[in-house]
Amino acid sequence: LLNHLRNKTEGLSHSQGWKRKATVQLPEDTRKLRDIYLEAEYYGLEEFQRGVCSTTGIVYAMSIVDSGSNPFDAATKMYKGVKRV
């Protein structure tokens, strides 16, 4: 999916006429989800960003509470702070 978006941005896409909704199986690894979130942010895919955030409860909460920053980084920072206590 992300390779397709990169190619489309660079004018290398061969699929110019079709538009369809697709479901994507997201990984469970939060590091991989963070990377996908950053790619979606780069390409301006807000609906996809929300979908990625909703896979993890704490990340979803951080996306609502602190909408100006990366919710994955904010959740990690909060988790590390709680772990120290």
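A search of the whole structure, which is a predicted model, finds two aromatic pairs, where rings of Phe, Tyr and Trp (its six-membered ring) are paired if their centres lie within 6.5 Å, with planes under 30 degrees apart counted as stacked, over 60 as edge-to-face and the rest as tilted. In one of them, the rings of tyrosine 37 and phenylalanine 72 have centres 5.8 Å apart and planes at 55 degrees, so the pair is tilted. Because tyrosine 37 belongs to helix 2 (residues 30–42) and phenylalanine 72 to helix 5 (residues 71–84), this pair ties together parts 35 residues apart in sequence; helices here are DSSP runs (H or I, at least four residues), numbered from the N terminus. Tyrosine 37 is buried at 8% relative accessibility, and phenylalanine 72 is likewise buried at 4%, buried meaning under 20% relative accessible area and exposed over 50% (1.4 Å probe, protein chains only). The rings of tyrosine 42 and tyrosine 43 have centres 4.9 Å apart and planes at 90 degrees, so that pair is edge-to-face, and tyrosine 42 is exposed at 63%.

Helix 2 also packs with helix 3 (residues 46–53), their axes coming within 8 Å and crossing at roughly 165 degrees, where axes are lines fitted to C-alpha atoms over the stretch in contact and angles run from 0 to 180 degrees between N-to-C directions. The two helices are therefore roughly antiparallel, a term for angles over 145 degrees. Across the contact (heavy atoms within 4.5 Å), Leu33, Ile36, Tyr37, Ala40 and Glu41 in helix 2 meet Phe48, Gln49, Val52 and Cys53 in helix 3.

Residues are numbered from 1 along each chain as its sequence is written. Local features need pLDDT of at least 70, side-chain atom pairs count only at pLDDT 80 or more, totals for chains, interfaces and linings use all residues, and side-chain values use heavy atoms, with hydrogens and water left out.

How values were computed. Angles under 35 degrees count as roughly parallel, over 145 as roughly antiparallel, 65 to 115 as roughly perpendicular and the rest as oblique.
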